[in-house]
Amino acid sequence: MSETLIADFGKTVVAWQRRHGRHTLPWQNTRDPYRVWLSEVMLQQTQVTTVLGYYERFLTRWPKVTDLAAATLDEVLAQWAGLGYYSRARNLHGCAKAVAELHGGEFPATAAGLQTLPGIGRSTAAAIAAFCFGERVAILDGNVKRVLGRVLAFGGDLASSAAEKRLWDRASELLPEQDVDRYTQGLMDLGATVCSTRSPDCLLCPVQPMCRGQHEGDPTRYPVKTRKLKRGRRENWWLWVEKKGEAGGQVLLHQRPATGVWAGLWTLPMFDDEASARAALPGGELATLPRIQHALTHFDWVLHTLRAEVHGVTAGMTDGGTWVAREKLSLYALPAPLKKLIEES
């Protein structure tokens, strides 16, 4: 791009955002870094419509970053349950504690300073710095990679760190001298509403005249990323044991390890095969529930559930587990498929 075209690009995005961009999302029109940071973390790999309810519930319960820092990880995971990618929730809690303990409850005011906090990468740090502190710094989240990759017809394979670094450099070159916050929001809005992954609406795009990908005839060729995840398959059995008594039903839960899939969440006791699940409750009458097929980033998970009601406790049954009253299950961080299973049963 020529210097004139670079200047025109920034001005065009800013003008479009002012007239046609999104302005009513609850994390907009604020310079509070806590609110912007919370939204940025929640929006990673998650749609706006899904995030809205979680965002409001988090702010209602923890209005300030110091409130979130004072919460337990179990409380945070319970509020996060169903939003997925649970490492975000653990990083969120760790970051809040770092802000409270190391920075007196105030977020650093620069992108470089923000990147020193747990779970805040370069693009998230830049977004907070641009929106809250007016720093002239580029972001490069998934939507922006798509927009810039097409406008520039950027042929570098973004599976390569060297190619991604070159795109970062180009993103920095395109920054306007003024209105960096509106420009940043404009790029996000373009990627979310116009420059979609499979069917970009080029006729409505304000930068279509300067988009090299569109001029080539197929903007969906960009951005280029060849590395593909090899999906696996996993199969496990849940044992849903519910203890009946005068005080009502109680469900046996186990907490997942601190690392790995669903780290720190609570689930029904899980087994590698059906025989092991049945052996854990010898003599019990077990009902077979419909199987669950749950898609995660790296693999598809088939979950079978065997359910039984008991009136006493079998020796060894509660090892490592906790009995939880049915009406208190909502206080525990349950993975989405288990939460749905319990609600529908």
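## Overall build

Of the protein's 345 residues, 47% count as buried, a figure that, like every other value here, comes from a predicted model. The secondary structure amounts to 14 helices and seven strands, and the C-alpha atoms fill a box of roughly 80 × 45 × 35 Å along the principal axes. Among contacts with a separation of 6 or more, 68% are made by residues 24 or more positions apart.

## Surface and charge

The protein exposes about 17200 Å², of which carbon and sulfur atoms supply 49%. Its charged side chains comprise 41 positive and 36 negative ones, and the centres of these two sets lie 4 Å apart.

## Aromatic pairs

The count of aromatic pairs comes to ten. In one of them, the rings of Trp238 and Trp262 have centres 6.2 Å apart and planes at 20°, and because planes under 30 degrees apart count as stacked, this pair is classed as stacked. Trp238 belongs to strand β1 (residues 232-243), while Trp262 is in the loop between β2 (250-255) and β3 (266-267), so the pair ties together parts that are 24 residues apart in sequence.

Both partners count as buried, Trp238 at 0% relative accessibility and Trp262 at 6%. Ring pairs also link these two tryptophans with Phe299 and Trp301 into a cluster.

## Arginines over rings

Trp301, a member of that cluster, has Arg234 lying over its face, at 5.4 Å from the ring centre.

Terms used:
Residues are numbered from 1 along each chain as its sequence is written. This is a predicted model: local features need pLDDT of at least 70, side-chain atom pairs count only at pLDDT 80 or more; totals for chains, interfaces and linings use all residues. Side-chain values use heavy atoms; hydrogens and water are left out. Rings of Phe, Tyr and Trp (its six-membered ring) pair if their centres lie within 6.5 Å; planes under 30 degrees apart count as stacked, over 60 as edge-to-face and the rest as tilted. Helices (H or I, at least four residues) and strands (E, at least two) are DSSP runs, numbered from the N terminus. Buried means under 20% relative accessible area, exposed over 50%, partly exposed in between (1.4 Å probe, protein chains only). A charge sits over a ring if NZ of Lys or CZ of Arg is within 6 Å of the ring centre and within 35 degrees of the ring normal. Contact means heavy atoms within 4.5 Å. Accessible areas come from the Shrake-Rupley method with a 1.4 Å probe; for residues, only the protein chains shown count as cover. Lys and Arg count as positive and Asp and Glu as negative; His and the chain ends are not counted. The place of a charge is taken as NZ of Lys, CZ of Arg, CG of Asp or CD of Glu.
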